[in-house]
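Biologist: Could you walk me through this model before I set anything up? Please spell out the criteria as you go.

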Amino acid sequence: RTVQMCGPLPGHLSGVREVLNIRRRKGPLDYRLCNQTVTVYHKEGDKITRTVYNDAFMDFKKTENVGKTGSKEVNSFLLVIPCSEVCVHPEDKVLLGTGEEITAARWPSFIPVKVPGLVVVKYVDPKYWNGKLIHVEAGG
């Protein structure tokens, strides 16, 4: 929906009237960067569900902590998935790209050290706007 406003613009001659187009936004965020594919693996009992999201954003970050005993590298990540219900939970495993089906027997060996691009979710932070869930942020 477009709203039109007429009137003098600051910095223009007072006799000149121009039309401004103001577009109402559906939400406060722009999800153009949510263009990556991720696979979320969720384990409940012996059942493992695999869900592929084509509209996600995943960013990896490496920092170095220096202490009295030396330096230590720490890896972390941020995952953003636009959604209307919580779709990621703590301890879920997330793979950048489209991942294969995983069996319960393979779950213990399906770990970041052995699978490039795989991370384990440590926290989930649902984000709301106007009382509705608009996306989920997860990280670890």
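Modeller: A definition to begin with: a salt bridge here is a side-chain nitrogen of Lys or Arg within 4 Å of a carboxyl oxygen of Asp or Glu. This is a predicted model, in which local features need pLDDT of at least 70 and side-chain atom pairs count only at pLDDT 80 or more, while totals for chains, interfaces and linings use all residues. Residues are numbered from 1 along each chain as its sequence is written, and side-chain values use heavy atoms, with hydrogens and water left out.

Biologist: OK, how many salt bridges does a search of the whole structure find?

Modeller: The search finds 4 salt bridges. Among them is one between the side chains of Glu-91 and Lys-122, at 3.9 Å from N to O. Because Glu-91 lies in the loop between S5 and S6, and Lys-122 in the loop between strand S7 (118-120) and S8, the pair ties together parts that are 31 residues apart in sequence. Strands in this numbering are DSSP runs of E with at least two residues, and helices are runs of H or I with at least four, both numbered from the N terminus.

Biologist: Are Glu-91 and Lys-122 exposed or partly exposed?

Modeller: Glu-91 counts as partly exposed at 48% relative accessibility, and Lys-122 is exposed, with a relative accessible area of 52%. The classes are buried for under 20% relative accessible area, exposed for over 50%, and partly exposed in between, with a 1.4 Å probe and protein chains only.

Biologist: Which other salt bridges can you describe?

Modeller: Arg-106 forms one with Glu-100, where the closest N and O atoms are 3.6 Å apart, and Arg-106 itself is partly exposed at a relative accessible area of 32%. Another joins Lys-127 to Asp-125, with the closest N and O atoms 2.9 Å apart. Both partners there are partly exposed, Lys-127 with a relative accessible area of 28% and Asp-125 at 31%.

Biologist: Switching to the fold, what does the secondary structure come to?

Modeller: The protein chain has 0 helices and 9 strands. An open sheet of 7 strands has the order S7-S6-S3-S4-S5-S9-S8, with antiparallel pairing, where two strands pair if DSSP finds at least two bridges between them. S7 and S8 stand at the edges with a single partner strand each, so one side of each is left without a neighbour in the sheet. Neighbouring strands of this sheet are turned by 35 degrees against each other on average, with direction ignored; the axes behind that value are lines fitted to C-alpha atoms, for helices over the stretch in contact, and angles run from 0 to 180 degrees between N-to-C directions.

Biologist: How many bridges join the strands around S5 and S9?

Modeller: Strand S4 (residues 47-67) and S5 pair in the antiparallel sense over 11 bridges, and within that pairing Phe-57 stands opposite Val-80 in S5. S5 and S9 also run antiparallel, joined by 5 bridges, and Val-80 has Glu-137 as its bridge partner in S9. S8 and S9 are antiparallel as well, over 7 bridges, with Pro-126 opposite Val-136 in S9.

Biologist: Is S9 mostly covered or mostly open?

Modeller: S9 is mostly covered, with 6 of its 8 residues buried. His-135 is in strand S9 and is buried, with a relative accessible area of 3%. The side chains of His-135 and Glu-137 are joined by a polar contact of 3.0 Å, meaning a pair of N or O atoms within 3.5 Å; within protein, one must be able to donate a hydrogen and the other to accept it, and residues adjacent in sequence count only if both atoms are side-chain atoms.

Biologist: What does His-135 touch, not counting residues up to four places away in sequence?

Modeller: Its contacts, meaning heavy atoms within 4.5 Å, include Leu-29, Tyr-31, Val-80, Asp-125, Pro-126 and Lys-127.
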